[in-house]
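Here are my notes on the model you sent over.

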Amino acid sequence: MTSLPNSSSPQTKTKQINIIKLIILPLGIILLVILCLAPLLWQLLTSLKVNQDISSLPNIYFPTRYTLDHYINLFTSRPLVHYIFNSAFVSIASTLLCLGIGTPAAYALARLTLRGEKIILAGIIIISLFPFILIFLGLLEIIQILKLGNNYISLIVSYTAINLPLTLLVMRSFFQQLPRELEDAAKVDGYSTWQMLIQILLPLTVPALVTTGILTFIFAWNEFILSLTFISQESLKTLPVAAAQLSGSLGKEIPYGAIAAMTVIGTFPLVVLVMFFQGKIVQGLTSGAVKG
């Protein structure tokens with residue numbers, strides 16, 4: 001009699017592994033990509049549909065008629081360029097300020113022996129875990145007292161304060177991985193602390209700088225609640241607030257096409273930024289996760 005193949009034999013395990021590698025794993029990746037890209041694809045298609053196809057029932061998922069009128073109307077009837085400039089200026093300024101303050105502070109936490117260092121780190125971690133909405137009322141009181149409403153400074157300072165704990169934690173973890181011999185050699189060569197930090201250490205921490213900078217930029221670019229509250233002047237509004245308030249510009253009609261077009265315009269710079277710095281982001285996240 002011939003014996004049945006053992007399910008636990010090496011040949012069977014090899015076949016199961018091959019099935020997972022060749023079929024299940026690629027299929028899972030494809031489904032995950034579709035799930036992640038489906039909302040963006042839907043917004044893109046909606047922004048290119050004519051109004052009749054947008055409002056038609058049942059829904060037309062892949063239209064045969066396309067138009068750029070929604071994009072053209074945004075630039076002609078709304079100060080879209082001002083909105084983009086406002087979001088870019090606030091995001092870039094808060095990102096640079098966050099990196100400028102957080103990088104030297106992270107180096108000090110990583111290399112200097114400080115009193116209460118564990119308490120400081122615990123405080124930073126606790127603050128980073130807090131939803132920023134919990135400090136919303138406090139920020140609002142400060143903005144009102146200092147009369148910073150309708151001012152870029154109110155958003156720049158708020159975004160910097162919210163993202164600073166993340167910058168400190170990521171940069172500190174990265175500085176701890178750098179060998180101390182580099183700093184010892186630099187001190188022997190006569191470098192001051194600032195010269196050593198700027199000329200020697202910062203070029204080695206580019207992945208961490210890019211990672212924290214992009215995360216800070218994305219948060220500032222997409223932030224809505226603080227911008228909606230602190231800015232009411234039309235010429236100073238950021239892109240998310242302008243997109244949310246499009247619905248009130250045409251009476252009872254909801255301009256789905258215009259909203260979708262503005263969403264695509266607001267998302268496109270982030271996609272380009274992440275794709276361009278993809279390698280640095282992965283390197284910065286993986287390097288920062290090795291040692292903390």
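1. Asn-150 lies in the loop between H6 and H7, with helices taken as DSSP runs (H or I, at least four residues; strands are E, at least two) numbered from the N terminus. Its phi is near 55°, a positive value in a residue other than glycine. At a relative accessible area of 29%, Asn-150 is partly exposed; the scale here is buried under 20%, exposed over 50% and partly exposed in between, using a 1.4 Å probe and protein chains only.

2. Before going further, the ground rules. This is a predicted model, where local features need pLDDT of at least 70, side-chain atom pairs count only at pLDDT 80 or more, and totals for chains, interfaces and linings use all residues. Residues are numbered from 1 along each chain as its sequence is written, and side-chain values use heavy atoms, with hydrogens and water left out.

3. Buried or exposed? Lys-147 counts as exposed, at 75% relative accessibility.

4. What does Leu-236 touch, leaving aside its neighbours within four places in sequence? The contacts (heavy atoms within 4.5 Å) are Asn-86, Asn-150, Asn-151, Tyr-152 and Ile-231. Leu-236 sits in the loop between H11 and H12 and is buried, with a relative accessible area of 14%. From Leu-236 to Asn-150 it is 86 residues in sequence, but 7.0 Å in space, C-alpha to C-alpha.

5. On to charges. The structure holds four salt bridges, each defined as a side-chain nitrogen of Lys or Arg within 4 Å of a carboxyl oxygen of Asp or Glu. One of them joins Glu-234 and Arg-78, at 3.8 Å from N to O. Those two are 156 residues apart: Glu-234 is in the loop between helix H11 (225-230) and helix H12 (239-244), and Arg-78 is in the loop between helix H3 (69-77) and helix H4 (80-111). Glu-234 is partly exposed, at 35% relative accessible area.

6. Glu-234 also pairs with Lys-237, where the closest N and O atoms are 3.0 Å apart. Lys-237 counts as buried, at 9% relative accessibility. Taken together, Arg-78, Glu-234 and Lys-237 form a network of salt bridges.

7. Another salt bridge connects Glu-183 and Arg-111, with the closest N and O atoms 2.5 Å apart. This pair also links distant parts of the chain, with Glu-183 in helix H8 (residues 180-188) and Arg-111 in helix H4, 72 residues apart. Glu-183 is buried, at 5% relative accessible area, and Arg-111 counts as buried at 11%.

8. Last, the helix pair. Helix H7 (residues 152-177) and helix H10 (residues 206-222) pack at about 160°, with axes 10 Å apart; axes are lines fitted to C-alpha atoms, for helices over the stretch in contact, and angles run from 0 to 180 degrees between N-to-C directions.
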